[in-house]
Amino acid sequence: MTSSKMNSGEVTRQTIGAWRQVPANRPVRAVLVGCGGMSAEWLRAAAQVEGLEVVGLVDLNEDAARARQAEFGLTQAQTGTDLGRVLADTSPDLVFDCTVPEAHFQTALTAFEQGIGVLGEKPLADNMAHARQMIQVGQSSAQFHAVIQNRRFDPNIRRVERFVRSGRLGELTTLNADFYVGAHFGGFRDTMEHVLLLDMAIHTFDSARLISGQDPVSVYCHEWNPKGSWYAHGANAVAIFEMTGGVVFTYRGSWAAEGARTTWESDWRVVGTAGSVVWDGGDHPTSSLVRETTGLLSDFTEAELPPANPQDRVGGHRGLIEEAVSSLRSGQPAETAAVDNVRSLAMVFAAIESAESGRKVLVD
Ligand SMILES: NC(=O)c1ccc[n+]([C@@H]2O[C@H](COP(=O)([O-])OP(=O)(O)OC[C@H]3O[C@@H](n4cnc5c(N)ncnc54)[C@H](O)[C@@H]3O)[C@@H](O)[C@H]2O)c1
């Protein structure tokens, strides 16, 4: 089956290729590049993963790398400003890419050139051409290549996903997600174009693929920067996606809405022919299933969704890093392999194209 014919999330050994597996008798060795805000989360998570050693820390500003080295007691790790040099000196198995989105492309190519795999922060790339080229080079050199899409590795979205898959909602028809978080970050986001769509909506779009098990077909998106926004561009967006199985997914989002905050996971309504699930991103997703219909309105059975399953892949960044370590040892692909995750990225860029053109756009 070619990757374009696969269903959402179906990543097989054949679609990925085979990387050099790391033997069980030594740790997986990683170099982290980009020692800014998110790197602390990665290093905290990495410290909890068995059989993993961070052997290098790289940043354009070496003081940032040294600061993380001191903070996490990584005295044995080499620091530097030149990723290629540190990779050549330390011969790791994996690069942890925590750089800004514009640097993900070059970081991945530098790693692949030296025969090293990449686990990178979202978004996979800063444009679709870069994403395709990264995937092509990663595959042709048979390297591990996956993306941190940490909101998948959440026990509650796994409960929603499993409930939908169980068929108890009947046939899925509609997904709605609302994201309203007035976030005052400062830094690169303040001046970034399409800041909400590119930097945040990728999480929600990817969650929609996970919950529905469907891929995007088309999108109409309206993007704007509301009055009072502290961003330079695109803090608000509304998008309507049609999905492969006929589901319609609507997204309403804002990074400049003060008050009545939703969770970072978004506020969800999932509608099927037999009822609905509502999930506010927290610990209590609930279903409302039709019991009988005798009059104007049906009668419903309301219940919290079944609890998380011990086999579920959870744990946010830690869970994804553990999965990467295990993939490097077993040769099995990661759930968020770049070849699959690019479909979530395609939703973002199609939404941006629609917002810029004012037209409905087919998702590539
Ligand atoms: N998964 C999540 O929930 C989540 C949350 C926040 C940010 N992120 C993502 O994490 C990534 C980093 O975000 P951040 O908030 O840490 O940014 P940041 O600006 O705080 O840190 C980025 C660091 O990368 C360094 N850098 C940039 N280009 C480099 C290069 N070519 N080589 C080496 N170092 C380079 C910068 O000097 C800086 O120290 C982004 O892709 C962002 O979208 C993910």
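Two strands count as paired if DSSP finds at least two bridges between them. The model shown in these views is predicted.

**View 1. An open sheet of nine strands.** The strands follow the order E14-E13-E12-E11-E7-E10-E9-E8-E15, with mixed pairing. At the edges lie strand E14 (299–304) and strand E15 (361–362), each of which pairs on one side only.

**View 2. Strands E7 and E11 side by side.** Strand E7 covers residues 172–180 and strand E11 covers residues 267–272; the two run antiparallel and are joined by six bridges. Within this pairing, Thr174 has Val271 in E11 as its bridge partner.

**View 3. Helix H7 packed on the sheet.** Helix H7, residues 155–165, touches E7, E11, strand E12 (275–279), strand E13 (286–292) and E14. The direction of helix H7 makes about 170° with that of E12.

**View 4. Helix H10 packed on the sheet.** Helix H10 is formed by residues 338–357 and touches strand E8 (216–224), strand E9 (236–243), strand E10 (248–254) and E15. Between the directions of helix H10 and E8 the angle is about 50°.

**View 5. Backbone atoms facing the ligand.** A polar backbone atom of Gly37 is 2.9 Å from an oxygen atom of the ligand. For Thr99, a polar backbone atom is 3.4 Å from a ligand oxygen atom. Leu60 has a backbone N or O atom 3.4 Å from a nitrogen atom of the ligand. The ligand taken alone exposes 850 Å², and the protein buries 79% of that.

How values were computed:
Residues are numbered from 1 along each chain as its sequence is written. This is a predicted model: local features need pLDDT of at least 70, side-chain atom pairs count only at pLDDT 80 or more; totals for chains, interfaces and linings use all residues. Side-chain values use heavy atoms; hydrogens and water are left out. Helices (H or I, at least four residues) and strands (E, at least two) are DSSP runs, numbered from the N terminus. Contact means heavy atoms within 4.5 Å. Axes are lines fitted to C-alpha atoms, for helices over the stretch in contact, and angles run from 0 to 180 degrees between N-to-C directions. A polar contact is a pair of N or O atoms within 3.5 Å; within protein, one must be able to donate a hydrogen and the other to accept it, and residues adjacent in sequence count only if both atoms are side-chain atoms. Accessible areas come from the Shrake-Rupley method with a 1.4 Å probe; for residues, only the protein chains shown count as cover.
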